[in-house]
Amino acid sequence: MTLFDVVFSGNDAAYGLAEGAIDAAIEKYGADKAVSFPDTAYSLPCYYAVTGTKVNTLGDLKNALGVVKTLMTREQRLNDAFMSGVATALCAEFLEVLKYVDNPTPYEAPCAGHLPDAAIRELGVPLVTGDIPGVAVILGAAPTAEEGVELVKSYQAQGILVTLVGGIIDQCVEMGYKTGANVRVIPLGKDVTAVVHAVSVAVRAALIFGNIQAGDAAGLMKYTMERVPAFVNAFAPLDPVIVAAGAGAIALGFPVITNEETFRVPKSLIVQKDISKFNATSLEARDIKIKVTKIDIPVAFASAFEGEIIRRG
Amino acid sequence: MGTFKLTTVEEFEAATNRLLETGKKVGADGWQYRVANQTPHCKFGEQGICCRICAMGPCRITPKAPRGICGCDAHGIVARNYLKFTAGGAATHSDHGREICHTLYCTSPDGNYKVKDPEKLIRIAKEWGVETEGKDIYDLAHEMAVLGMGEYGKVFGTQNFLKRAPQHTQEIWEREEIAPRAIDREVSCSLHMAHMGCSSEPKALIRQSLRAGLSDGWGGSMAGTEFSDVLFGTPKPIDTEANLGVMVAENVNIVVHGHDPSLSEMICEYADDPEMIAYAKEMGAKGITVSGVCCTSNEVAMRRGIPMAGNFLQQENVVLTGACEAIVVDVQCIFPALGPLSKCFHTKFITTSPIAQMPDSDFIRFSAENAGENAKLIVKTAIENFKNRKPELVYIPDMKQKATVGYSVEAIVKTLDGVTNSQVDVTGTTKPLIECITSGVIRGAVAMVGCNNPKVRPDTAHIELMKKLIANDIIIVASGCSAQAAARAGLMSKEAKDLCGAGLKRVCELADIPPVLHMGSCVDISRMMILVATLAKDSGLNISQLPVVGCAPEWMSEKAVSIGNYVVATGIDTFLGVDPYVSGSDQVAELLTSGIRDWVEASYTVEKDIEKLGDRMIERIEEKRAAIGI
């Protein structure tokens with residue numbers, strides 16, 4: 001199977017899930033039922049940024065799915081794979097927003113799910129000043145919890161904002177590793193679709209700070225590629241939905257680094273078998289250069305720990 | 001999006017028409033008129049069924065006369081003509097390569113010619129099993145030059161450069177008995193076979209055509225390219241400009257035209273000389289502008305960023321601007337029409353090579369031994385001619401495009417190193433390109449080469465095919481007049497990335513390259529052979545399995561046929577937009593378009609409908625991808 005075929009099949013699977021879930025929700029609540037993420041002015045941020053259209057009800061969501069379908073062309077060309085990647089992200093966003101129907105808190109600690117606009121505004125300034133030199137999206141479970149946590153820690157020590165999706169969250173919990181927005185390690189959710197909450201950060205950064213007009217998909221992708229220093233670390237095994245989501249990340253300019261043996265694309269899809277080298281590989285792939293003054297102290301030292309809360313005991 | 005816009009063929013033609021008006025005023029001839037005079041062409045010649053190799057003829061084949069006087073049928077005649085056509089091309093490139101070897105022999109530390117890339121010389125010497133340790137670089141240069149010239153008449157064995165091909169390709173050449181021996185021997189053997197009463201068996205004649213072609217591509221042309229790099233430096237990415245607008249009205253304009261960089265390099269050297277520039281100012285000009293036409297232009301553009309005034313069918317336009325003080329030529333593809341044409345203007349038409357002497361020209365015999373003084377004399381002659389300009393005839397079309405050129409194999413590998421990740425990748429290979437291809441980001445590569453031919457609306461086939469291919473995520477490597485067509489249109493500008501499909505566009509952005517890579521002159525098609533050989537070795541695939549094809553949509557010369565033969569014989573399917581005079585024999589046509597596939601795993605496709613030609617290339621590339629499961 002070609003790489004693009006894998007992307008297409010992952011996209012088809014995500015689309016199928018979204019379609020089923022939307023139909024079931026309409027069946028249950030009716031098409032006029034309101035649907036939204038909490039604390040955002042951007043409706044479904046990814047869908048809004050790409051199309052310029054806001055989604056208010058389940059009926060709107062069903063229509064949006066029709067628009068997404070138009071992105072799902074099947075030529076063996078990168079443009080088609082990119083658009084299918086974007087379509088996959090949008091399907092993920094639809095699946096995620098459905099979790100919020102009649103449930104204001106579908107996510108429980110340590111997972112954050114959808115991040116409010118306020119969090120993005122707060123993170124935006126250090127992102128622009130380079131105080132946060134990058135955004136890591138870690139997806140799946142590392143071969144061992146030690147390796148996973150070590151990787152998270154390495155980014156954190158560099159001031160990089162880390163978002164976690166899937167097995168890595170349990171690995172952090174298992175190792176008793178402190179997470180949360182205050183230490184810039186944000187577990188998003190355990191379903192792969194939760195990755196869209198990280199995409200949503202990049203997209204809203206483009207809308208808020210980049211003055212990208214909603215609906216200007218090309219401008220959006222250019223902005224994220226040039227200005228949002230994000231990258232993805234995806235642990236094996238990769239299923240087609242993850243690969244399809246990865247295509248969406250690459251379309252936005254974010255390289256994907258994985259330890260699974262797969263197709264390789266220079267600067268975009270990089271196979272790195274050695275987890276201890278994920279950090280260096282990722283930073284080089286995204287051209288993130290960090291000026292580090294190493295201070296030889298027995299604890300980690302980085303701006304990421306500025307918001308840390310010291311509890312008794 | 002920016003303000004980038006391709007220059008269209010319509011704009012090219014409008015400029016040409018304006019220049020032809022100037023021509024009319026002074027009674028100048030032009031190829032446009034001569035084409036009309038020659039049309040319609042003789043059908044027997046067009047089909048390749050006219051034979052004049054002995055004095056019993058000329059014979060021609062018709063339904064009533066199916067055989068010539070000797071008894072040779074249409075198939076034998078067509079195949080013989082094809083072989084002789086090839087031999088002409090192979091001889092031409094190879095003699096060029098020989099001259100370069102001779103120039104290498106003339107190098108000295110304080111002479112006109114120096115060794116500019118000693119590392120490359122040492123690398124080639126090692127390949128050839130020559131001891132390099134502790135040897136003076138000029139002693140080595142002379143030794144290599146003699147060995148290089150020896151390749152033309154070696155008594156035993158085959159061409160040294162064949163070892164650069166993948167093992168599988170070398171085995172094919174051995175098996176099919178097409179591994180080229182001495183270069184001159186293959187040319188002369190071809191002429192022997194095509195003599196009256198020798199070969200009339202199409203298979204034997206076509207087989208020899210492949211061998212003669214290979215003696216060019218992996219012999220003469222490769223020597224020409226490799227030793228030119230040693231002498232004048234291996235090309236690196238460099239910015240330049242293309243189209244007639246590169247000529248500067250206030251300056252002395254010297255146009256170099258032809259092929260051998262031994263001449264053009266020296267002219268450029270002297271045109272940069274402060275003494276010469278001062279002299280030009282003394283004569284009322286603001287400075288000196290050297291620009292180029294055809295392959296010598298490609299050579300100096302690749303190495304020095306000298307602007308490219310135009311390709312083959314632009315050569316008369318250069319003079320028609322009325323602002324050309326001298327058009328300096330050496331060998332190959334030079335219209336004899338430039339003589340009479342230059343007489344209509346103040347332009348000096350300076351021929352320099354005993355190989356290419358023409359009426360109505362100033363012959364300043366140029367040789368490696370007296371290169372300096374002659375180049376100086378030529379530049380001086382041009383400068384002194386500035387005052388003879390007729391201002392009322394001066395019109396330089398205001399059109400030019402930016403181009404980034406200089407993509408030797410070495411430069412391509414270095415560019416690819418730029419997209420590797422030091423944590424996972426090795427450098428110095430073509431692997432990043434292979435990864436782009438296997439993942440599908442780039443669908444494949446097309447080598448666009450060849451001439452202009454009035455049978456095709458000039459430059460349209462080159463430009464339209466390139467536009468179509470890059471929109472389909474197919475990267476282009478180009479050389480010769482095809483490369484110049486691309487440069488003049490703007491396809492070698494990095495901004496042309498916006499015309500690409502998403503895949504190629506991303507590659508252009510990440511690697512910071514234009515979508516059409518200029519690999520040089522026509523002998524530099526040998527660079528493409530080295531590139532494809534490297535791709536095969538780095539990927540573990542055979543050359544014929546790679547999703548790579550060659551294309552000469554507007555080909556014209558015998559050299560192009562020789563090139564086609566070595567490209568096909570190297571395992572690369574080749575697409576032609578002009579018929580190679582073989583339609584008179586279904587047997588020869590069948591051999592070239594399919595039969596030889598059994599020998600060398602590739603064959604020709606001839607398609608005069610340029611739109612379809614593009615479709616068929618894309619189809620073939622996709623077939624090759626499917627066959628290896630990518």
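With which residue does A:Arg77 form a salt bridge, and how far apart are the closest N and O atoms? A:Arg77 pairs with B:Glu622, and the closest N and O atoms are 3.2 Å apart; a salt bridge is a side-chain nitrogen of Lys or Arg within 4 Å of a carboxyl oxygen of Asp or Glu. This is a predicted model, in which local features need pLDDT of at least 70, side-chain atom pairs count only at pLDDT 80 or more, and totals for chains, interfaces and linings use all residues. Residues are numbered from 1 along each chain as its sequence is written, chains are lettered from A in the order in which they are written, and side-chain values use heavy atoms, with hydrogens and water left out.

**Interface of chains A and B**

- About 2100 Å² is buried between chain A and chain B, 58% of it on carbon and sulfur atoms; buried area is the accessible area (1.4 Å probe) that two parts lose on being put together, summed over both.
- On the chain A side, A:Arg77, A:Pro266 and A:Glu284 lose the most area to chain B, together 28% of what that side buries.
- Chain A gives 26 residues to the contact and chain B gives 25 residues, where contact means heavy atoms within 4.5 Å.
- The rule finds 1 salt bridge across this interface.

**Helix α11 of chain A**

- Of the 8 residues of α11(A), 6 are buried (under 20% relative accessible area; exposed is over 50%, partly exposed in between; 1.4 Å probe, protein chains only).
- Helices (H or I, at least four residues) and strands (E, at least two) are DSSP runs, numbered from the N terminus.
- Among the buried residues are A:Phe278, A:Leu283 and A:Ala285.
- Their cover includes α6 (145-157), β4 (230-234), β5 (256-258) and β6 (269-271) of chain A.
- Just after α11(A), A:Asp287 has a positive phi of about 55°.

**Annotated cysteines in chain B**

- An unreviewed UniProt entry lists B:Cys42 and B:Cys50 under "binding site"; such annotations may be inferred rather than shown by experiment.
- B:Cys42 sits in the loop between α2 (31-38) and α3 (43-47) of chain B, and its relative accessible area of 48% makes it partly exposed.
- B:Cys50 belongs to strand β1 (residues 50-51) of chain B and is partly exposed because its relative accessible area is 27%.
- Not counting residues up to four places away in sequence, B:Cys50 touches B:Phe44, B:Gly45, B:Cys59, B:Arg60, B:Ile77 and B:Asn81.
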